[in-house]
Amino acid sequence: MVKNYLVCAVRPITDGWLHQKRTDLYTFYREMYDISLASYKKFVEEPFESILWEEPVKNNDEYTIANWNAIKELWHKESCNIFWAGADTIMTQPTSLFSDRFKEYRLFNYTDPKEFQDCPHFFNADIRYYPAEMSQEVWDFGLEMANNWDMEEWNTEQVILNKMMWHQGLTLEEARKKLKTLEEIEGYKEYLHTEEDNFIEIK
């Protein structure tokens, strides 16, 4: 039987996240995660098990690498669908996340910038889907890049995840099939001094 997992990571980061050398970010993101998870439990139509990774890391590189490895190990451990949802997302209406609608690995919306390095269509990695049916070759392709992780570029994980998706031969029209009813949690950005994120374009 194929299992469904909703996964996220909220880890204490001892050196701070990028330019935000603050130790209290964990507390606020942990609070956001509780709100986020409650919304998914209310509105996701299929049964799922939630996993939150909280092991501490030193910096943002260790954070993204740890999450990459955790997801990869979980997917290879058993037959499962994995939906990663950042702690700052919420579900707003009944929605099917774990249907057979997506058989390829997916990201769902543009980020800012919409084009980055050699990715002409650069998607946000804060929501992503690893179906049980996705090809092992896609993992192998991503692993080649992950084994040469660029520690100088904070966006390395998002670059790898984009290249994995586009490696499957999806057209832009196919890739932009929307989920619906996901929004960002408001009310934290001013306090966290973050730039306004692109609205997750889900209809």
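Arginine 11 touches Tyr26, Trp53, Glu54, Glu55, Val57, Tyr63, Ala66 and Asn67, residues up to four places away in sequence not being counted (contact means heavy atoms within 4.5 Å). The model is predicted: local features need pLDDT of at least 70 and side-chain atom pairs count only at pLDDT 80 or more, while totals for chains, interfaces and linings use all residues. Residues are numbered from 1 along each chain as its sequence is written, and side-chain values use heavy atoms, with hydrogens and water left out.

Arginine 11 is placed in the loop between strand 1 and helix 1 (helices, H or I of at least four residues, and strands, E of at least two, are DSSP runs numbered from the N terminus). Arginine 11 counts as buried because its relative accessibility is 7% (buried is under 20% relative accessible area, exposed over 50%, partly exposed in between, with a 1.4 Å probe and protein chains only). The side chains of arginine 11 and glutamate 55 are joined by a polar contact of 3.1 Å (a pair of N or O atoms within 3.5 Å; within protein, one must be able to donate a hydrogen and the other to accept it, and residues adjacent in sequence count only if both atoms are side-chain atoms).

Five strands form an open sheet in the order 2-1-3-6-5, with mixed pairing (two strands pair if DSSP finds at least two bridges between them). Strand 2 (49-53) and strand 5 (106-107) each have a single partner strand, so one side of each lacks a neighbour in the sheet. Strand 1 (residues 3-9) pairs with strand 3 (residues 80-85) in the parallel sense over five bridges; tyrosine 5 has isoleucine 82 of strand 3 as its bridge partner.
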